[in-house]
Amino acid sequence: MAAKNFIQIIALFLIGMGGGIFADKILWPYFVERPLFQQYQLEQSPTYITQNQNLTMYVQENTAIRESVQDVLPAIVGVKTKTASGEVLEGSGLVLTSDGLIVTLATLVPRSSEFSFFVDGKWVAFQILRRDTENDLALIKVEKNGLKSRGFVDMAKIKLAEPVFLAGADFSVAGTIDPQNMVNVGIVAALGKDLVKTNIFEGQQAAGSPLFDVEGRVVGLSTIGQDGRVWAIPADIIRTFSGF
């Protein structure tokens, strides 16, 4: 009796497998070519989609970045400089304190130049406090209070391939006088004591744009390589320079 039942199970399995192959290779192709089914543009066997954990994490990260972008934009500073030779430099900076302390790249504010700073929707008066040409940083005090600032990330916790985003002031939008917001998303491609390398490519107008983690904490201040790749001066160096 047991042997008979086993044979019946095997037979049912083979019949089922044969039926599946017949339906997939012969029956389904036949029906999809019929006029009745052509309006539905059926070209292949149905695909059943299941939840993918990686896809879920990707969606969650992008949602978090989208929300963080709105939080960090008030802390972005537009920097425009006309040098003694007549060259125009454009880039960004970061609000450090609510009473108007900001940081940007020293190369964006060279000595003997004319400067303009766009903060919280307005061009404001300023005073350059000091420059650090070795680390390419400059500390500026603008005459504006009630500004929004962002906290710094713990660089010891930053990992390779971690999602990051760049947010800055864009002066290249045609038909506008004031800078507009720009954002670009990528990952940490390499980590060093003095620089954070990303896979983000941007034009020179992105120089000085702050780099943030998913939660909107400052990872660094961007510099742009000759190939257009974004590198960032790490948060630890900025904090030391600024006295935080």
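Trainee: How many residues does the hairpin joining β9 to β10 run through?
Mentor: The hairpin connects β9 to β10 through 4 residues. Strands here are DSSP runs of E with at least two residues, numbered from the N terminus. The model is predicted, so local features need pLDDT of at least 70 and side-chain atom pairs count only at pLDDT 80 or more, while totals for chains, interfaces and linings use all residues. Residues are numbered from 1 along each chain as its sequence is written, and side-chain values use heavy atoms, with hydrogens and water left out.

Trainee: In which sense do β9 and β10 pair?
Mentor: Strand β9 (residues 180–191) pairs with β10 in the antiparallel sense, over 3 bridges. Pairing requires that DSSP finds at least two bridges between two strands. Within β10, T198 is the bridge partner of V188.

Trainee: And which strand do 3 bridges join to β10, running antiparallel?
Mentor: That is β13 (residues 229–234). There, R229 is the bridge partner of F201.

Trainee: Which side chains of β10 point to one face and are buried?
Mentor: Along β10 (residues 196–201) the side chains alternate: V196, T198 and I200 point to one face and are buried. Buried means under 20% relative accessible area, exposed means over 50%, and partly exposed lies in between (1.4 Å probe, protein chains only).

Trainee: Changing topic, how many aromatic pairs are there?
Mentor: The count is 6 aromatic pairs. Rings of Phe, Tyr and Trp (its six-membered ring) pair if their centres lie within 6.5 Å; planes under 30 degrees apart count as stacked, over 60 as edge-to-face and the rest as tilted. F165 and F212 form a stacked pair, at 5.4 Å centre to centre with 25° between the planes. This pair links distant parts of the chain, as F165 lies in strand β8 (residues 163–170) and F212 in strand β11 (residues 210–213), 47 residues apart.

Trainee: Why does F165 count as buried?
Mentor: F165 counts as buried because its relative accessibility is 0%. F212 is also buried, with a relative accessible area of 0%.

Trainee: Which residues form one aromatic cluster?
Mentor: F115, F117 and F126 form one aromatic cluster.

Trainee: Where does the charged end of R130 sit?
Mentor: It sits over the ring of F241, 5.1 Å from the ring centre. The criterion is NZ of Lys or CZ of Arg within 6 Å of the ring centre and within 35 degrees of the ring normal.

Trainee: Last one: is A156 buried or exposed?
Mentor: A156 is exposed, with a relative accessible area of 64%. A156 is placed in the loop between β7 (137–142) and β8.
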